[in-house]
Amino acid sequence: MKNIFKYSLTLLIIFYTVSCEDILVEDPPSSISLASFYQSESDALAGLYGAYDLNYSVLGGITGNANNYGELNADNLTISPIVSDQFQWDEFTYNSDITGGLWSSCFSGINRANEVILYTDGIDMTAGIKADIIAEAKALRAFYYFQLVRTMGGVPLYETPTVGFENIYAPRATEDEIYNLITRDLMDASTELEATSTPGRINANIASALLARVYLYKGDYANALTYAKKVIDSGKYNLFPDYADITNPAKKNGIEHIWQLQFLSGERNHNVGRFGPRPIPGPYKNSFWANTVVGGGVAPSAEFVAENPQSYRRSATIADRYEHIDGVSGIITMEQIYSGNFPYYISKFDDREAEMTSGENSTIIRYADILLIAAEAINETSPSDNLKYTWINKVRERARNGVETDLPDLLGLSQDEFRTAVLEERRFELAFEGQRSWDLKRKGKFLQTLRAQGKTVEDYMLLFPIPDAQVKLNINLEQNTGWE
Amino acid sequence: MKNNSSKCMFSIKINRNILKILMVMKLTTFFFLISILSVAARGYSQHARLNLSLQNASIQELFQEIEKQSEFNFFYKDDQINVNKMVSIEADNSLIGEVLNEVFKNNDVSYTVVNKVIVITPRKEQQNFNVTGTVTASTGETLPGVNILVKGTQTGTITGMDGKYSIEVPDANAVLVFSFIGYATQEININGRSMINIVMEQSSELLEEVVAIGYGTMKRSDLAGAVSSVKGEDLESTPANTFVQTMQGRAAGVDIKAASNAPGGGMRIRIRGTNSINASSEPLYVIDGFPIENNNTTPQGAGYNALSPSPLSSLSPNEIESIEVLKDASATAIYGSRGANGVILITTKRGQIGKSKIDFDYSVNVASVRNRLDLANAEELATLSNEWAVNNGQTPYYDGVNKPLPKDLGEGTDWQDVIFRTALTHNYNLSISGGTENTKYLLAGSYLDQDGIIIESNFKRAGLKFNVDQKVSDRIKLGVNMNANRTVNDAVPSEGTGYRNDSPLWSALTTTPVIPVKDEDGNYVHNHDEAFKIVENPVSIAKTRSDITYKTRILTNAFTDIEILNGLTFRANFGADFINSKRNIYVPNTAETQAMPNLGIASVGAVQSLNWLTEYTLTYNKNFGSDHRLTALAGYTAQGTKIENVFSRTDDFSTNKFEFNNLGAGSDPRPSTSSATEYGLLSYIGRVNYAYKDKYLFTGTIRRDGASKFGTDNKWGIFPSAALAWRMSEENFLKDNYILSDLKLRTSYGITGNQDIGSYSSLALYNTAKPIIGGSPVIGFYPNRIPNPDLKWERTSQFNVGVDAIFLDGKFNLSAEYYIKNTSDLLLNVTIPNQSGYNSSVQNIGEVENKGIELTLGYNNTFGELKWNSNFNISFNRNKLVSLPEGTERLIFGLGRGETGQGHSIAIPGESLGSFYGYHFLGIWQTEEEITAAGNTVGGKNRPGLPKYEDLNGDGMKYNDDERKIIGDPNPDFIYGFSNEFTYKNFKLLIFINGSYGNEIAYLNRIALLAQPQKHNVLQVYYDEHWTGPGTSNTIEAPLSNSGEWKNFSDRDIEDASYLRVKTISLSYNLPKNFMGVDWIRNAQVYLAGENLLTFTKYSGFDPEVDLYSSSNVQMGVDNAAYPTAKSIRIGVKLGF
């Protein structure tokens, strides 16, 4: 018996010493884990690109979130009968899960930006490049927070990446706290970054342009003017001579585009269809029109059609007929397709060459917007300064395209008349670019405008709900008033 | 040859105390090699002929002459045999036996011939009574190594290689005791006979059965845990192509369902219910002591959705000796963090002591589809299409101008006719095995060629198996197992319905019968003529595309046992399971994908997987006095796996010549991908079995597992269990009871784990994003989750109580079990607040409970020449999800499409996992008044002629999430298996019945097949019973809806899937020994078996045994154009030599 123990013990000791605990350590051969990432400049850049990638889900190309929140939810658009799943946006019948996608996309973007900001700092690399990458990540973080705060108000504030489960139940911060972070981040970016950048990446001017937009939304006109002027004075931008070029795929990243979401033709932005071309509905499938695609999904509202003054700009924005794509003689009118219910479609984003696989970029902010921000801001801060006419008339001049009777230059308006004029100018110049709803909200005209259209909008609907699922998951999250 | 001449190659020094038989045994080490090389040598002594003419030669000369002429060698000892004695002999073409009998006729010498060795020993002087004879098994084979003891003495012998024995007994009235493992011991009164031939009956005594228990074996009578066994011979009597199929219904508590009946298709196997939601609930499979990984090793394929064949389909059922199913914690805790789902131990056949045997087995199986769906024909579908057009304000399609009128279309094409076929399966098995006390070997080859019942589907498997056990010395044994096989799966896409889903089966159900298979020029007709190009010609799919997966698997291990001290054995075991597979896909540019032209798609993918094992154990076996028996086990094992994947695809080929063999020839190359995954496990194991007076049995088990898959703070877990059993029948008050032969009560409790999740789940990994910057995609990395250093195994605690009883000396036996199993710390993909930047994280939250009862009843009896053997088992399992993480009310799984976008299967606390979740169908809206009265506006989904669902939240029928509820349960109330075997003379009849009661199926095919006749074909019943106006139908809607193919999933689509199936009827006949007039055939059997010939069910789909998403724990009982079950007839022959 003694021997038994002796042998057993010896062998067990051998087992123990030969045991190779190495095999319990995980080092994934085909993935990077945090332990092996953020080691070099190229890692920092890859992390930054990972943060940029959320732009696609936050804005979602031409027809994504940007337009659900900015346009469908306002007065310029209405839903055509082909797409039935978007009625809720237009009719204010959405429930408190509607913001789920925006919430998770923005917070993913914020977390990724926070990783870049935190870990890039520890990388041994060229100081200037390091500072640039961090500043760019801050601008992205600000951009994502701006989407959240104007949609839902104060949201949880994160300035560091999530590393464990401790801090994932943070409560909401105040709106001011969020705006403080946004403006601080964007200011850092506007001072740190270069004036120009590779198309798609943020530079100092983009940061300034975004700041102008943020301050405008907050009603801080002095700062809005300061940053809009910064962009104007940079001398890097101008209007395209032709209004139609702002959505021309051949003029991507052009002189007027300050920041665009980038697409490759045939690859990513193939959901242009909801504004632009889509298969023709109705009884035409066996006819000459069988293979035609034409605008559908959403349509310009009757008010938009009625109130948009005749101009080249208007004709580049909406159309009541569609010329056959092959150039074969033949024109089909919206009247024919929709029996008069939707006499116009949105032609602004048509890409006749690529149709459903259009590689058109989505514009996030462009020079005309900055001119109008500057004009609006100066009207509030020094109403007598005639620079406001210079800026707004530049936009109108391009829009009338040489037809002097259309959209004549403005002059001699009262401060209040100018307020109305600049808002209307924004409405038609930036039509369907995701700005309208925010313009109405910041000017306090949202409820009255939509009620005038016969929509049932409750007062509390100025803010969207916090996603219901998130409120259930995080007991510290308080729902917005009215959405409980 | 003289044994004292050391130069002789066979020289052996014979210890005078060694019995001659042992000497023979040692020699067989060498014979083994010879016999493997030359099987024919086996019968040498019976065939070799000698010609001798010697006058007054010495015996030594005679021996030399014989050695010269033949392959015989002589062994003897100089001091015992006088080889100088003179003899004379004339032999003309004589057998060795005739010669030797003549030579030793009057001598004091006897001889024994063992193959080619002749051992000469002095004949004993003692004038004891001599008994000789042959021991055979009931099959007629001779049995070597049988112990024969003169009762009441120490005198004994064992049978030789040929089953013959010779024993001297003190008197003619002595009693001989014949015993052999696995056979019933017999006591024979000599009664003066000098020749006694014995037929050993295989032990029907369950108690003597030896069962595998993981890292060892045990007598069934000593078991304290819950273990079911299925013997290889039972599997053989229900022939099937994969062993998992043959196990169905055989063991209580084991629920097996075919996931896909495609050749080589997967199975869902659950032991005592489903424990997990996100981790696997499949049992652990251990083949000959090697715990294998059941990973999917089918490479990726371009645009294909054929289910991958089950990894277990690589094992031929003919190679299996026995299967043990370890069910309770006492039995499975030895497998620690992998034991929670139960363990299936597969012991493959090995060589036995005895003459070399050759077994050959061939069968051909003829299969056809069991059932077809009744679909509309061309005229009916066209009529419905027109009706749909009119209902939607359009002109009829089939108007007699653009298209023919419905009445001119007739029957059209019956696509089911075209894609189903009568399929043949050929199955060949050949094995050669044999052995001596020192060396046992088995060499087996198998080949399976199985056609599926859908055209163009085929599965082939070729296997080669070899194992050898070698005794090196009295204390050292070695063994090697090698199992190599290759499978070729030539698949057709076969699973899943839905919009534009290309599978021959789904297309056969939905492609319009209006179009023919081919046009006049012999080209396939594509479905372009219909209003929407939806479904592709199923024959074109099957015939023009290729999807072939080759898989080579080598499972091999080598072990050595060293008996260090008496009772203490050390075992080292090393093994590897290597899998290499490649998948080739080509879709020619003449084919269409999703009814759209394509330019040619080619892809190749490969997977390589290596799973290695190192294992050291110490086993100590000791009896202390007659009352205490102890077996203790301690050990260490390490196991690791690495899997690598590559995939490459190119589109757009100008020629179809290269198929998948030249991806460079395509003009649209896609990015190639590759990946690799590794994981490992380190373990310490221990087990103690203790029996007191054979009455009180105790088993204690512990395993400490370290698993790489877990978080850095929780790498190691401890899994203990204990079991107690009381053999009441050993107590005095029951001991000599006539009725009750054995009675054992047992109970166990223990904790096991489940670690079957993906590697790296506890780490934050970086995924790749490709945003476009500066006009081209750039690579970005982003973290995919929060690291969870606390991540650990799922923890299952199980309590088991059981009783085993044997009545009337084995005529009846009964086993009953009750268990309650609680799984907590579920490895769940938990939704976390998205503000963290992440949507979910793998955490240990949630709890599932399974409890149940299992009953097994056996009956064995003999009525004259009729033997009747029955076995019935029934299992009741109740599954309940106890809790989910806070904030998660329920998890919904299933296809996301259209209005059923939220899925069909649910995990919600308080209900069984996988309960069906959907709307409650109330009928059809008859009038607009009815709609408005119910609080709805008329239009959209609420129109007369469309389905009406229950309004659960009182807001009218908006069909949102609030209107859904639990509408069915795929978990059966009970499952059962009933086998009946009748043996009469040479005939054996087996009737095997199995079934399931109380489970339901989500019949998803039906949803699409009752809608949109303008797009695709529909069920006949749609044409017959659809709504055409108020009061015409309250079950099937009008052809009207245009809101996408996927309608609301409701209880109308749930069907009772209870079934009772005569799974196998087989009749076999053993040809009489002298049938062929040759004696070298050991046995010959022909058999005829029918599979699935009779099924009783109410289910209206192809077959109630369907489980498409077998890898999901929550989507159960879903029929979504699954490859249907076949019924088949098999004819086979078995030959033994």
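How are H8(A) and H9(A) oriented to each other, roughly parallel or roughly antiparallel? In this predicted model, helix H8 (residues 175-192) of chain A packs against H9(A) at an angle of about 155 degrees, with the two axes 8 Å apart. Angles over 145 degrees count as roughly antiparallel, and H8(A) and H9(A) are therefore roughly antiparallel to each other. Their crossing is left-handed. On the H8(A) side, the contact is built from Tyr179(A), Ile182(A), Thr183(A), Leu186(A), Met187(A), Ala189(A) and Ser190(A). H9(A) answers with Ala204(A), Ala207(A), Ser208(A), Leu210(A), Leu211(A), Val214(A), Tyr215(A), Tyr217(A) and Lys218(A). Sorted by class, the residues of this contact are 12 nonpolar, three polar and one charged.

H9(A) also takes part in a contact with helix H10. The axes of helix H9 (residues 204-218) and helix H10 (residues 221-234), both of chain A, come within 8 Å and cross at roughly 155 degrees. Because of this angle, H9(A) is roughly antiparallel to H10(A). Here too the handedness can be stated: H9(A) and H10(A) make a left-handed crossing. The residues that H9(A) brings to the contact are Asn205(A), Ser208(A), Ala209(A), Leu211(A), Ala212(A), Tyr215(A) and Leu216(A). Those from H10(A) are Tyr221(A), Asn223(A), Ala224(A), Tyr227(A), Ala228(A), Lys230(A), Val231(A) and Ser234(A). Together, the residues of the contact comprise 10 nonpolar, four polar and one charged.

A further helix pair in chain A is formed by H2 and H6. The axes of helix H2 (residues 41-52) of chain A and H6(A) come within 8 Å, crossing at roughly 165 degrees. With that angle, H2(A) is therefore roughly antiparallel to H6(A). The crossing of H2(A) past H6(A) is left-handed. Ala44(A), Gly47(A), Leu48(A), Gly50(A) and Ala51(A) of H2(A) meet Gly109(A), Arg112(A), Ala113(A), Val116(A) and Thr120(A) of H6(A). This contact has five nonpolar, four polar and one charged residues.

Asp121(A) can be found in the loop between helix H6 (100-120) and helix H7 (127-152) of chain A. In sequence, 77 residues separate Asp121(A) from Ala44(A), yet their C-alpha atoms are 9.3 Å apart in space. With neighbours within four places in sequence set aside, Asp121(A) is in contact with Lys130(A) and Ile134(A).

The largest cavity has a volume of about 410 Å³. It is lined by 31 residues, of which Gln245(B), Asn261(B), Gln450(B), Glu1091(B) and Ala1126(B) are the closest to its centre. Several strands of chain B supply at least two lining residues each: strand E22 (354-369), strand E23 (423-435), strand E24 (439-451), strand E58 (1059-1070), strand E59 (1083-1097) and strand E61 (1126-1136). Which strand gives the largest share of the lining? That share, three residues, comes from E61(B). By class, the lining of the largest cavity contains 11 nonpolar, 14 polar and six charged residues.

Note on methods
Residues numbered from 1 in each chain as written. Chains lettered and ligands numbered in written order. Predicted model: local features only at pLDDT ≥ 70, side-chain atom pairs only at ≥ 80, totals over all residues. Heavy atoms only, no water. Axes fitted to C-alpha atoms, helices over the stretch in contact; angles between N-to-C directions. Helix = DSSP H or I, 4+ residues; strand = E, 2+ residues; numbered from the N terminus. Parallel < 35°, antiparallel > 145°, perpendicular 65-115°, else oblique. Left-handed = near helix turned anticlockwise from the far one by under 90°. Contact = heavy atoms within 4.5 Å. Nonpolar A, V, L, I, M, F, W, Y, C, P; charged D, E, K, R; others polar. 1 Å grid on protein atoms, 1.4 Å probe; cavity = no way out; pocket = protein on both sides within 12 Å on 5 of 7 lines; lining within 4 Å. Points joined across faces, edges and corners; volume = space filled by probe spheres on them.
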